[in-house]
Amino acid sequence: MQLQERIHKAILTAAFVLQLHAAVMEDRVVTAGYYDATVIVSNKLSSEMAVIVHCRSKQHDLGARAVGAGASYSFTFGKNLFGGTLFWCRAAFQDRRLAFLAFKQDDEGNVYVIDFEVSDDGVDRVNGEERVHITGWNRK
């Protein structure tokens, strides 16, 4: 390999590492794809309590976040060009716990924003005026 090729490869590698670092710091997950998708989890509990939200994929653990009353947590990621991108989220408050599938690429088609609301009844997926109940709370 010529020196120019090695330098070019090193620059591309360094640029990717910097992009990955910046993405993780902004709750942006870089995968092999070019199409961005966003998951939003909003706290709609009537008790004005924070809910703990922890989202992850097989490759990326986004960590637990305390989402205050009326606030939202979101993350953006690139979908894999060949399919298979999958994110799960868990939510908890007081003695209640639940888990839900936040994104499965094979099912989502060209959806780019997926909006969930955590409420006293559990989690609903919201799309404009349409609301679909995903799961209820389990007690610890």
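A disulfide is a pair of cysteine sulfur atoms within 2.5 Å. In this predicted model, a search of the whole structure turns up 1 disulfide.

**The disulfide**

Cysteine 55 and cysteine 89 are the partners, with their sulfur atoms 2.0 Å apart. The pair links distant parts of the chain, 34 residues apart. Cysteine 55 belongs to strand 3, residues 51–56. Cysteine 89 belongs to strand 6, residues 86–93. The torsion about the S-S bond of cysteine 55 and cysteine 89 is about 105°, so the disulfide is right-handed.

Are the two cysteines buried or exposed? Buried means under 20% relative accessible area. Cysteine 55 has a relative accessible area of 0%, so cysteine 55 is buried. Cysteine 89 comes to 1% relative accessibility, and therefore counts as buried too.

| Residue | Strand | Relative accessible area |
|---|---|---|
| Cysteine 55 | Strand 3 (residues 51–56) | 0% |
| Cysteine 89 | Strand 6 (residues 86–93) | 1% |

**The largest pocket**

The largest pocket holds about 200 Å³ of space. It is lined by 13 residues. Which of them are closest to its centre? They are Ser57, Gln59, Gly84, Thr85 and Leu86.

Strand 6 gives the most to this lining, with 3 residues. By class, the lining of the largest pocket has 8 polar, 3 nonpolar and 2 charged residues.

Conventions. Residues are numbered from 1 along each chain as its sequence is written. This is a predicted model: local features need pLDDT of at least 70, side-chain atom pairs count only at pLDDT 80 or more; totals for chains, interfaces and linings use all residues. Side-chain values use heavy atoms; hydrogens and water are left out. Helices (H or I, at least four residues) and strands (E, at least two) are DSSP runs, numbered from the N terminus. Buried means under 20% relative accessible area, exposed over 50%, partly exposed in between (1.4 Å probe, protein chains only). On a 1 Å grid over the protein atoms alone, a cavity is a set of points where a 1.4 Å probe fits but cannot get out, and a pocket is an open set with protein on both sides within 12 Å along at least five of seven lines; lining residues have an atom within 4 Å of a point. Grid points are joined across faces, edges and corners, and a volume is the space filled by probe spheres set on the points. Ala, Val, Leu, Ile, Met, Phe, Trp, Tyr, Cys and Pro count as nonpolar, Asp, Glu, Lys and Arg as charged, and the others, Gly among them, as polar.
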